[in-house]
Number of protein chains: 2
Amino acid sequence: MLKLVAALLVGATALPLEAQTPTAAETDPVTLGLMLGSPVPREKQVRADDGSSSTFPKTRWAFSNLQALVPTQVIPRSGPVSPLPTALRTDLDSVPFTTLDGAKSTWGQAFDLNFTDGIIVLHKGRIVYERYAGAFGPDGRHIAFSVTKSFVGTLAELLIHEGKLDPDQPASRYVPELAGSGFGTATVRQVLDMRTAIDFSEDYAASGLSDVARMAIAGNMAPRPKDFTGPDGNFAFAATLKASGPHGGPFVYRTPNTTALQWIVERVGAAPLNQQIATRFWKPMGMEQEATLAVDRLGTGFGGGGMNAALRDYARFGEMVRQGGRWNGKQILPPAVVKSILTPGDASAFDATRYRGLEGASYRSQWWHRAGGQTYAVGIHGQAIYVDPKAEMVIARFASHPVASNRSINPTTLPAYDAIAAHLSKGR
Amino acid sequence: MLKLVAALLVGATALPLEAQTPTAAETDPVTLGLMLGSPVPREKQVRADDGSSSTFPKTRWAFSNLQALVPTQVIPRSGPVSPLPTALRTDLDSVPFTTLDGAKSTWGQAFDLNFTDGIIVLHKGRIVYERYAGAFGPDGRHIAFSVTKSFVGTLAELLIHEGKLDPDQPASRYVPELAGSGFGTATVRQVLDMRTAIDFSEDYAASGLSDVARMAIAGNMAPRPKDFTGPDGNFAFAATLKASGPHGGPFVYRTPNTTALQWIVERVGAAPLNQQIATRFWKPMGMEQEATLAVDRLGTGFGGGGMNAALRDYARFGEMVRQGGRWNGKQILPPAVVKSILTPGDASAFDATRYRGLEGASYRSQWWHRAGGQTYAVGIHGQAIYVDPKAEMVIARFASHPVASNRSINPTTLPAYDAIAAHLSKGR
């Protein structure tokens, strides 16, 4: 059960891949009657304490209702809502593509194939496609999982640009508490790019008190066993990790890098993550809804994956990046920061990941980069903010795919994105 | 510790009355540095799991940040924000009054005497006074405690007006699950007016597994002890209560009456409480912020005291009632419902409470009524929405008084309200 509960935010899944996965329609949370009734019947309850909120298909309700399951901080908005022009097109659903597995599909079919809860496509700054399903809608907030990391990375790039943070200094220069940990000798840049040699396995399928389980317990994402003597809090957990070798090697996706980076960002920025996201983005950008951030027992946000927001606001963020940092009549990000975000990392450091569809890709500053020049933020179970400058296209997507790893989702998603980009680029 | 944790929402306090209570200034949560730092130092942490969030003065932070401590449902808003005209006056702070204990004070001094976190005075529909302190501000949400009950009562009056709910029918007519409980033979009206003979003691000072502690555990407001075999959920708890005599006797303040009423309202209104508050009030009234409602483990809102909202939105609600149900260009409540809400209950049924300052008062439909014609919603630790039709005045107040019971707060509050009403009524 621990693993199931831990999975809520860190993304394990109890569903064997080889099982006959029911379709999106069969697992629609409204059709299933999840969380309906006064009181909700036992079998329809989505609960944190019994692990059901982290078990597919109940995840299809939970991902759109995180604050009803765990404590959350507010990321406040303010002022008038910034316009997001709409010019819906009806021709996208029929755009064909072939999955990496060779199956024929269309953009419209991919919505359910990916267990999409909501998706927006912006072309040249206008919404050309917007669709919601299940327990999610334009007024809702959906968990972004590791898309959150890209916000932390962007804040770090801002602090670097402002001269407050030196990427070549060791992390411990800014957070002395990290000096005794494996992060002590890592540079800020190595942390930013996940090229540290931190001894941590992001293996969600591991049993027992795995690294992931210990992280979840420390971060209040899983109930704390009575005999648990591990650290309390996200930052305290990061400080316990050791290095297993020299830093600066290949990119290895490990969430504690983001936790260490968040700690640096909070110290250098002199404010907690939720407030920095609000001050830098949510308030000046005229977001239409406040956002939330899951917190540990002492009130530290989960920068590794705890953000929840409206789909349109994620679309605004992606479009702001695409437009060189301008949005809502303001320069939200300096052009130099946008340039840094859009700059790919070292592709050779990424090779060993062997992600299908990501040949020639890289990871830098908590953003992913495809060989075609696209930059994007990724979260398990299908979350994404995808910026394709050449196609003048931004995609924001929330999903509740039964499988956590995007390794299982990319073979459908990436060809679909490429097809829609090509379609939009050629005009109608 | 259980009692301390339970106190977060149901309002016990660990502070002996006779202790030298520090002042509001001495317990300002910002001055104290509560929840500041990355991470927050141990002694500055306000946590749900160690009971500190329910211990004064840490309550002064907790009451303004409930969703960072417990799971909450959203009460969504929508559309343009309704105007709330402002015509601030500087003459109110010096208005003198004498407390029921005979002490001389002024309106301005009463702010800190009552450990006020935020207060708005509306006169003839305009904000003449607005002030915030501590961890609260115009953009924040504060727990309303039992002010929540008046929303449940108003929804019930709406359903009565619409012919969907008959106040003379037994509660079990609408919620068959209550048939075997003490509520089974109570009428809806008796539940509405808290004149049932339910066997439940609202004694926050009781030790051990008291009625209040059991309610808190069932409702997820306190950790569930391993050996606890009691009910799971707010509704399930209400269904376990027995009657200790005939219904229809004197008014006795017992929160489970509101829980039973909420159950009736959810069944008859065919939607959970948070959605009904949103549909009836938050959306049509153009509230400026979404609100939240604390939930039990199965997602039932805590209608007895779990609502959190912005101060200005509470002011809007009170002003809507004062204006005969009209707000934002819409008839939010039919005049007949407003009339029913503003109609006092049976004062003789209230006499035994012996509340100081409430001689001749009454309780009806989850609203309090003073002998002077004022109608108001009350929550422990100083929460209130106060409607004084004669003075054309509405007061919305959030506070974090060290003492839960308004018996300790009324002796300062009520004379202050009377003085400011008289002052406003005579003009400048």
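Which residues are buried in α7(A)? In this predicted model, they are A:Val212, A:Ala213, A:Met215, A:Ala216, A:Ile217 and A:Ala218. The helix in question, α7 of chain A, spans residues 211-218 and is mostly covered, with six of its eight residues buried. After the helix comes A:Asn220, whose phi is positive, near 70°.

Helix α7 (residues 211-218) of chain B is largely enclosed by the rest of the structure, because six of its eight residues are buried. The buried positions in α7(B) are B:Val212, B:Ala213, B:Met215, B:Ala216, B:Ile217 and B:Ala218. Just after α7(B), a positive phi of about 70° is found at B:Asn220.

The relation between the two chains is described by a superposition. Chain B is brought onto chain A by a rotation of 180° with 0.0 Å of shift along the axis, and the RMSD is 0.0 Å. The two copies are therefore related as by a two-fold rotation axis. Within chain B, B:Pro71 has the C-alpha nearest this axis, at a distance of 2.4 Å. Both copies use the same surface, since 100% of the contact residues of chain B recur in chain A.

The contact itself draws 28 residues from chain B and 28 residues from chain A. On the side of chain B that touches chain A, the elements giving two or more residues are β1 (72-75) and α9 (255-269) of chain B. The composition of that side by class is 14 nonpolar, eight polar and six charged residues.

The largest nonpolar core has 262 residues. Those with the most contacts inside this core are A:Ala171, A:Ile264 and A:Ile385, together with B:Ala171, B:Ile264 and B:Ile385. For B:Ile385, the surroundings can be listed in detail: leaving aside neighbours within four places in sequence, B:Ile385 is in contact with B:Val147, B:Tyr314, B:Phe317, B:Gly318, B:Tyr376, B:Ala377 and B:Ala396.

A:Lys330 lies in strand β10 (residues 330-331) of chain A. With 13 other C-beta atoms within 10 Å, A:Lys330 is classed as partly exposed, because that class lies between the limits of 12 or fewer for exposed and 20 or more for buried. The C-alpha atoms of A:Lys330 and A:Val40 are separated by 46 Å, and these residues are 290 residues apart along the chain.

Notes. Residues are numbered from 1 along each chain as its sequence is written. Chains are lettered from A and ligands numbered from 1 in the order in which they are written. This is a predicted model: local features need pLDDT of at least 70, side-chain atom pairs count only at pLDDT 80 or more; totals for chains, interfaces and linings use all residues. Copies are superposed by least squares on the C-alpha atoms of residues with pLDDT of at least 70 in both. Two residues are in contact if their C-beta atoms, placed from the backbone, lie within 7 Å. Helices (H or I, at least four residues) and strands (E, at least two) are DSSP runs, numbered from the N terminus. Ala, Val, Leu, Ile, Met, Phe, Trp, Tyr, Cys and Pro count as nonpolar, Asp, Glu, Lys and Arg as charged, and the others, Gly among them, as polar. A nonpolar core is a set of buried Ala, Val, Leu, Ile, Met, Phe, Trp, Tyr and Cys residues joined through C-beta atoms within 7 Å.
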